[in-house]
Amino acid sequence: MKQKFLPWFLLFCAIGLSATAAYYSVIGLSIVFVGVATPVIIMGSFLEVSKIAIATYLHNAWKNTYTLLKIYLTIALIILSIITSIGIYGLLSTGFQENIAKLEIGGKQIQNIEVKKKRFEEIKIDLEKEKTTLDKDISQLRNALSTNTTTQSIDNKTGQVITKANNANRKSFETQLTTAQTNKDKVSLKIDALNDSITNLDIQILNMESKASEGNELGAVQYVSEITGADIKTVANWFIFLLIFVFDPLAITLVIATNQAFDRTKPKTNIYGEPKPTHTPPTPNEEISELIVELPSENERQAILQEIQKIQNSGASSRKMGPAVQNLQNRLSDLDNIKTY
């Protein structure tokens, strides 16, 4: 990027980031102090503008500022940055709380369905045990009907075994078998109904989980929570702290960088306000050396006096002006000595 466009690009980034941070901070503070939202918005707006002004002033006038004022402005800048971060945290955490509330409500609904499903499964297990018992009873009754519905006796006269039908036993066994079969059918119907209910609950859970996945705005946070094993609220706070620790400090840093970039684009001048030549490298005594010019051979004394007068009227500091004036006066003295001899 060309040198002349870099300051303007930095200015664009600094203004955009600072304005965004200020907006998020003011809105976040108004959410935290919802009872006095309007005064907080007005106060926060001016504090954000003042923060940028302080950062710019400290950068441009650090050496010329009193020590106590520098300390106070630096502390104020840090506190304002913390206030901005608190506002941003308030805004982001509010949005997160809304999403996590939806996620928790959906999770509780699924848990309630899971509890209901578990209760149905327990009832189904009991009914299956009852059905197994009835199956055994039916099997035993059928065996009894085939073996215990006749009575045998020995005829005293002939000595033969006489088999007679026992209608009372048969009738009793048939009644018990019919009752057991009826109970088994009822149990089977209940088991089928429970199976249908459990299947419907599984479908409900799948639908709710599918909707939660489609509308879930915490996908990345939830994924990191599953990987790290940390609570989803803890992971969300990690993300928010990362943002606020970068957001406002970066905005202040960009403001300072923009000031530096524009300072470098300004042409350098000497103590007369004249631009310095760009082809010569700067030296520690550059400003002093520029005060001394090559004088023409004719009217040299008059030229030196004019130079001294020019330097004294330039308004430069005595630290810069003194050596240059002394140098010219020495040359004037040397010139006088030359003319004397």
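Predicted model: local features only at pLDDT ≥ 70, side-chain atom pairs only at ≥ 80, totals over all residues.
The protein chain contains nine helices and two strands. In sequence order, these elements follow the pattern α-α-α-β-β-α-α-α-α-α-α. Of the 341 residues in the protein chain, 28% are buried. Among contacts in the protein chain with a separation of 6 or more, 66% involve residues 24 or more positions apart.

Helix H1 spans residues 6-32, and helix H6 spans residues 232-265. The axes of H1 and H6 come within 8 Å and cross at roughly 155°. Angles over 145 degrees count as roughly antiparallel, and H1 and H6 are therefore roughly antiparallel to each other. The crossing of H1 and H6 is left-handed. On the H1 side, the contact is made by Pro7, Trp8, Leu10, Leu11, Cys13, Ala14, Leu17, Ser18, Thr20, Ala21 and Tyr24. The residues they meet in H6 are Phe247, Asp248, Leu250, Ala251, Leu254, Val255, Ala257, Thr258, Ala261, Phe262 and Thr265. By class, the contact of H1 with H6 comprises 17 nonpolar, four polar and one charged residues. Asp248 in H6 is one of the contact residues, and Asp belongs to the charged class.

Five aromatic pairs are found in a search of the whole structure. One of these aromatic pairs is formed by Tyr23 and Tyr24, with a distance of 5.9 Å centre to centre and an angle of 55° between the planes; the pair is tilted. Tyr23 has a relative accessibility of 51% and so counts as exposed, the cut-off for this class being over 50%. Tyr24, with a relative accessible area of 30%, is partly exposed.

In the pair of Tyr89 and Phe241, the ring centres are 5.5 Å apart and the planes lie at 15°, so the pair is stacked. This pair links distant parts of the chain, as Tyr89 lies in helix H3 (residues 67-147) and Phe241 in helix H6, 152 residues apart. Tyr89 counts as partly exposed at 27% relative accessibility, and Phe241 is also partly exposed, with a relative accessible area of 36%.

Tyr23, Tyr24 and Phe247 form one aromatic cluster.

Definitions and conventions
Residues numbered from 1 in each chain as written. Heavy atoms only, no water. Axes fitted to C-alpha atoms, helices over the stretch in contact; angles between N-to-C directions. Helix = DSSP H or I, 4+ residues; strand = E, 2+ residues; numbered from the N terminus. Parallel < 35°, antiparallel > 145°, perpendicular 65-115°, else oblique. Left-handed = near helix turned anticlockwise from the far one by under 90°. Contact = heavy atoms within 4.5 Å. Phe/Tyr/Trp six-rings, centres within 6.5 Å; stacked < 30°, edge-to-face > 60°. Buried < 20%, exposed > 50% of the residue type's maximum accessible area, 1.4 Å probe, protein only.
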